[in-house]
Amino acid sequence: MSQAGSTHQPDHLYKGRRASLPLNIVVIGCGLGGLAAAYCLAQAGHNITILEAASAIGEVGAGVQASPNVSRLLMRWGLGPRLEELGVKIQALSFKRWDNDEVVGWTPLGDVIDKEYGSPFYLLHRADFHRMLYEVAEPYCNIRVNSRVVSVDPSKPSVTLASGEVVSADLIIGADGVKSVTREYIVGGPDKPKATGDAAYRTLIPVEKLLEDEQLRPLVEKMESNIWMGPGGHIVGYTIRAKKEFNLVMMHPDEDEGGIESWTAEGNVDKMKETYKGWSTTIQKLMALVPSTLDWKLIARDPLPSWIHKDGKLALLGDSCHPMLPYRAQGSAMAIEDAAILGNIFSHCSHRSQILPLLNAYQSLRYDRATATQNSSKLNRHIFHQPDGPVQEKRDRDMRAAMEDALRVARGEKSTLVLTGNANQWADKTKSDIQFGYDADEEAEKWWLENGTKLDRGYGKEARGSGTRFPPELLQKARVLE
């Protein structure tokens, strides 16, 4: 593996710009966020080492969604052909009643969203997504396995591994997920998660099994993401891996108080089937095809006041600072966006004293968006899990109105509704523009145009020994949403 900054001369990212001062940066964690951060920082001209606790590089999980705000970045990184090869271009979202499959909501995606936002919406297997990022990042960074971090010294900065080895750096990025070790150093102690009351069964079914059944065949052929909404839970099903597998995620009340927060905890198939007894015949047929399942306990954490350690040499990224519940399918998207912003901002680095202002820029660009997405995910839990009754009926009327409007537009007619605040958050054009129209690189470039000269001016004064560091607004922490 080559050292970043030594052989790679990119000209397609950051307008060909590379940091005039290459930093030695340690990224803790080799998940989606860690690999993306390593790639982007390497593209910016820095020397990157990833420390991964596992003995081998790999990823578990099932379906993951790459919406336009992510796919435009991945294509910019040269991954367009891999997305086409391994992904499925989702054509629509279909919201259904739990007991009879009645479609109460529908939002077209496919060519519509590609035209609207200039980038496709893909459905992927998490392992395929991880492999793509590994392939693009690995040539430009040093990836070390069997390197479990047991402690961090944020002031030096350095990390100590389980082996006793101390690894020093100019900057440490904590991309070590929901069970983050680095998070505790920023919080100031153990950070206990909160149980959501939900868990999720996850399984994959070979597509040929669905194609054998006339009732299940449309779930493959339509290439839609299907969401069955029911009392206390919901089910999501869609094809992945170039339509070779059907991904099924089943949210349900978490009855196991002693359960563990794990992607790989085995679930009980009989218990799973009992949970969805009484749901539609389609669901019963899908349940009959499930040979085994994993049961993922869903845990939430409150937004942090800051993602940056007070000493300014340790920062968090992805699930380590803003873990997402899966109800909006934007967890990996937020981590990828974090990485893109971080790489772009640090392509401007020309002096060590810029590290803190650049980290604060990263946080100021990302904090409000990530927090808003966390809240949007929580809202979908409330929307999807309503028991039958007046609130559920109002939700369904709201979704039907949006569906009828979408069908009018599909026929070439004009939209007649304002869908802001609709129960189907994907039908809310304002929300979709914010979520899917976002370009992390553009946001970073805008920030530099507005603030870069101030930062450069601050560096010049410091270099001349004037006693002035940087303008105060560049050193302030990002504001926190109340």
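Start with helix 4, residues 110-117: this helix gives the largest share of the lining of the largest cavity, 3 residues. Keep in mind as you go that the model is predicted.

Now select the whole lining: Lys89, Ile90, Gly110, Ile113, Asp114, Pro120 and Phe121. Sorted by class, that set has 4 nonpolar, 1 polar and 2 charged residues. How many cavities of 30 Å³ or more does the structure hold? There is 1, and the volume of the largest cavity is about 30 Å³.

Zoom in on strand 4 and strand 7 (residues 122-125), where 2 bridges make the antiparallel pairing. To see a bridge, pick Val88 and look across to strand 7: the partner there is Leu123.

Time for the rings. Aromatic pairs turn up 10 times in a search of the whole structure. Select Trp98 and Trp279 for one of them: the planes sit at 65° with the ring centres 5.7 Å apart, and because an angle over 60 degrees counts as edge-to-face, that's what this pair is. Which parts does the pair tie together? Trp98 is in the loop between strand 5 (92-97) and strand 6 (103-108), while Trp279 is in the loop between helix 9 (269-275) and helix 10 (281-288), so the parts being tied together are 181 residues apart in sequence. Are these two tryptophans buried or exposed? Trp98 and Trp279 are both buried.

Then move to Phe95, Phe384 and Trp426, which make up one aromatic cluster.

For the last stop, show Arg369 together with Tyr438. Here the charged end of Arg369 sits over the ring of Tyr438, at 3.8 Å from the centre of that ring.

Technical notes: Residues are numbered from 1 along each chain as its sequence is written. This is a predicted model: local features need pLDDT of at least 70, side-chain atom pairs count only at pLDDT 80 or more; totals for chains, interfaces and linings use all residues. Side-chain values use heavy atoms; hydrogens and water are left out. Rings of Phe, Tyr and Trp (its six-membered ring) pair if their centres lie within 6.5 Å; planes under 30 degrees apart count as stacked, over 60 as edge-to-face and the rest as tilted. Helices (H or I, at least four residues) and strands (E, at least two) are DSSP runs, numbered from the N terminus. Buried means under 20% relative accessible area, exposed over 50%, partly exposed in between (1.4 Å probe, protein chains only). A charge sits over a ring if NZ of Lys or CZ of Arg is within 6 Å of the ring centre and within 35 degrees of the ring normal. Two strands pair if DSSP finds at least two bridges between them. On a 1 Å grid over the protein atoms alone, a cavity is a set of points where a 1.4 Å probe fits but cannot get out, and a pocket is an open set with protein on both sides within 12 Å along at least five of seven lines; lining residues have an atom within 4 Å of a point. Grid points are joined across faces, edges and corners, and a volume is the space filled by probe spheres set on the points. Ala, Val, Leu, Ile, Met, Phe, Trp, Tyr, Cys and Pro count as nonpolar, Asp, Glu, Lys and Arg as charged, and the others, Gly among them, as polar.
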